Amino acid sequence: DYTDFLKRFAVMGEKMIVDNDSFDYIFYTYGLELYENVPLIEPLEYKEVKSIKEFVIAIDTSGSCSGELVQQFLNKTYSILKTTESFFSKINIHIIQCDAKIQKDTKITCQEDFDEFIDNIELFGFGGTDFRPVFEYVEKLKEEKEFTNLKGMIYFTDGFGTFPAKKPDYETAF
């Protein structure tokens with residue numbers, strides 16, 4: 001299931017949302033002290049959730065990958081992330097378009113950025129296929145501290161191209 005697969009790239013973090021499954025023990029014990037057998041139960045205003053914070057979506061825009069197929073992939077990925085509330089309020093997603101070289105890098109920092117990207121997508125490239133420039137580019141971004149905790153990358157491709165010689169230190173799915 002693609003939804004479960006995307007969850008592999010999520011990290012634990014706090015999200016500002018009422019957590020009805022837990023409560024603040026300070027108010028609980030204060031209520032017991034003050035009113036003897038009456039605890040005060042106040043739900044927490046944050047919740048520990050697994051969400052995507054830093055992520056790379058690489059898109060093979062070589063001649064063999066059609067624009068319609070890429071659009072369907074991005075729409076599916078976006079709809080899964082949007083419906084499962086998989087985003088933290090601050091995210092760092094890079095959507096990199098590439099063929100034999102990097103064509104465009106779109107940085108997504110919030111859901112509105114992702115909405116705008118999906119509504120106005122324009123593909124660049126349509127040359128040969130080489131996967132190595134994307135991995136080199138992501139390593140450069142990591143060195144420049146663009147990513148602090150990169151969990152992974154999904155590379156949408158037909159699979160015909162030159163792969164890097166070694167595995168990166170983050171998960172990658174083709």
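User: What N to O distance is found in the salt bridge between the side chains of Asp130 and Arg132?

Analyst: The model is predicted: local features need pLDDT of at least 70 and side-chain atom pairs count only at pLDDT 80 or more, whereas totals for chains, interfaces and linings use all residues. Residues are numbered from 1 along each chain as its sequence is written, and side-chain values use heavy atoms, leaving out hydrogens and water. A salt bridge requires a side-chain nitrogen of Lys or Arg within 4 Å of a carboxyl oxygen of Asp or Glu. For the side chains of Asp130 and Arg132, the N to O distance is 2.8 Å.

User: Which residue forms a salt bridge with Asp169?

Analyst: Asp169 is exposed, with a relative accessible area of 63%. The closest N and O atoms of the pair are 2.6 Å apart. Asp169 lies in the loop between strand 7 and strand 8 and its partner in helix 5, so the pair ties together parts that are 27 residues apart in sequence. That partner is Lys142.

User: How many residues apart are Lys107 and Glu146?

Analyst: The side chains of Lys107 and Glu146 meet in a salt bridge, at 2.7 Å from N to O. Lys107 is partly exposed, with a relative accessible area of 41%, and Glu146 is also partly exposed, at 23%. Lys107 belongs to strand 6 (residues 102-108) and Glu146 to the loop between helix 5 (132-143) and strand 7; helices (H or I, at least four residues) and strands (E, at least two) are DSSP runs, numbered from the N terminus. The pair links distant parts of the chain, and the separation is 39 residues.

User: Which residue's side chain is joined to that of Thr157 by a polar contact of 2.7 Å?

Analyst: Thr157 sits in the loop between strand 7 (152-156) and strand 8 (171-173), and counts as buried at 17% relative accessibility. A polar contact is a pair of N or O atoms within 3.5 Å; within protein, one must be able to donate a hydrogen and the other to accept it, and residues adjacent in sequence count only if both atoms are side-chain atoms. A polar atom of the Thr157 side chain lies 3.1 Å from the backbone nitrogen of Gly159. The side-chain partner at 2.7 Å is Asp60.

User: What percentage of the contacts with a separation of 6 or more is between residues 24 or more positions apart?

Analyst: Contact means heavy atoms within 4.5 Å. The protein chain contains five helices and eight strands. Of its contacts with a separation of 6 or more, the share from residues 24 or more positions apart is 73%.

Key: Buried < 20%, exposed > 50% of the residue type's maximum accessible area, 1.4 Å probe, protein only.
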